[in-house]
Amino acid sequence: IMPTSEFVSTSAEDPTRKIRGTRNPSPVNIDEVNHTVARVSCSLTANSEEKDCDQEHSPLIYDNSYHSKNGSTVRTIWALINSVAWLVVLGAGVLVCALLIPFIGLTKAQRLTWRIACIYFRICLWASSVSYTVVGLENLDPNGNYFFACNHQSDYDIPLIFAVVPFWLISIAKSSIALIPIFGWAVALGGTIFIQRSNHKKAVSSLDDGCKALRKRPRSVLLFPEGTRSEDGEVKQFKKGGLLLAIQSGLAVVPVAICGPRRVMGRALGWRPMAAAHCTVVLGRPVATAGLSYDDRDAFCAALQAEVARLKAEFEAGGGPAAGG
């Protein structure tokens, strides 16, 4: 965890640059979120009538002409070689962690696995020529635990979150991921909460088990409430499962807008050369779940979806850091 007064911004121009700021970790409630969303939505609508967005020159908004000019087959091959090679190398480290559980305990083994995952994802971003910046870390308590509710539009969303979020992080994922050799085993050892989507009863049971695990070993949780990648980059309707776990656990939820990763691989299926890109992860103010119940789940999901969309739209519109609300 980083010191209380410091957060880091990494960019292609200056990867060692540190930005200092004052943290304000106080969570907001749903009413404040709804008020901010309504106010900023009106402002964005007015601005859009006055100014058209030039997509070709925007570092955040995807368009085909950018990819045709900047995609590189060599970069793609280099990224694939590194992702596979380092998966094998660091996967061996995960295997060592598993073997050490009887000696160091499950908690330390899972924490080491998380650190290995962070290293792996940063290597993947480096090999793909993806630079990144994080905005809004000053909103979080470095000693706290949160649910991070992110928009999902690219395979690079997970690497970006693990690279920029300085919290011990686990994720909520579909159960089939655990079956992937090496990667799935590492994900499972890291403490991932697996959900069997096709069976509602088992899915509910998995959420209950996850809540008990979080109470026993407090950690932060990464989730993508949309459930799948957005084809057009717009924030889609949030599903309630993972956010219901946040309500049950009592942890605040951080709305997260990931901006720019669609420029790396684009939106077409199949082979597509990767393009170098700069991405920005915008962390909003934590939304408190204390006092919420099962009956509040629909309103809670809608408020978070609107806040993530607000953060993304405001940042892409050029309004600067949007995390302050």
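The UniProt annotation "transmembrane region", from an unreviewed entry, covers residues 84-107, 119-137 and 167-195; positions follow the numbering used here, the feature name is shortened, and such annotations may be inferred rather than shown by experiment. This is a predicted model, where local features need pLDDT of at least 70, side-chain atom pairs count only at pLDDT 80 or more, and totals for chains, interfaces and linings use all residues. Residues are numbered from 1 along each chain as its sequence is written, and side-chain values use heavy atoms, without hydrogens and water.

Residues 119-137 are 47% helix and 32% strand, with end C-alpha atoms 20 Å apart. Helices are DSSP runs (H or I, at least four residues), as are strands (E, at least two), numbered from the N terminus. For residues 167-195 the values are 24% helix, 31% strand and 22 Å between the end C-alpha atoms.

Now the helix pair. Helix 3 (residues 73-104) and helix 4 (residues 106-127) have axes that come within 9 Å and cross at roughly 170 degrees. The axes are lines fitted to C-alpha atoms over the stretch in contact, with angles from 0 to 180 degrees between N-to-C directions. Helix 3 is therefore roughly antiparallel to helix 4 (the term applies over 145 degrees).

Last, the surface. V96, L100, F103, I104 and L112 form a nonpolar patch with about 440 Å² of accessible area together. Accessible areas are Shrake-Rupley values with a 1.4 Å probe, and for residues only the protein chains shown count as cover. Patch residues have over 30% relative accessible area and no salt bridge, and nonpolar side chains (Val, Leu, Ile, Met, Phe, Trp, Tyr) are joined within 5 Å. A salt bridge is a side-chain nitrogen of Lys or Arg within 4 Å of a carboxyl oxygen of Asp or Glu. Helix 3 gives the most to the patch, four residues.

Definitions and conventions
Angles under 35 degrees count as roughly parallel, over 145 as roughly antiparallel, 65 to 115 as roughly perpendicular and the rest as oblique. Patches are made of residues with over 30% relative accessible area and no salt bridge: like charges are joined within 9 Å, nonpolar side chains (Val, Leu, Ile, Met, Phe, Trp, Tyr) within 5 Å.
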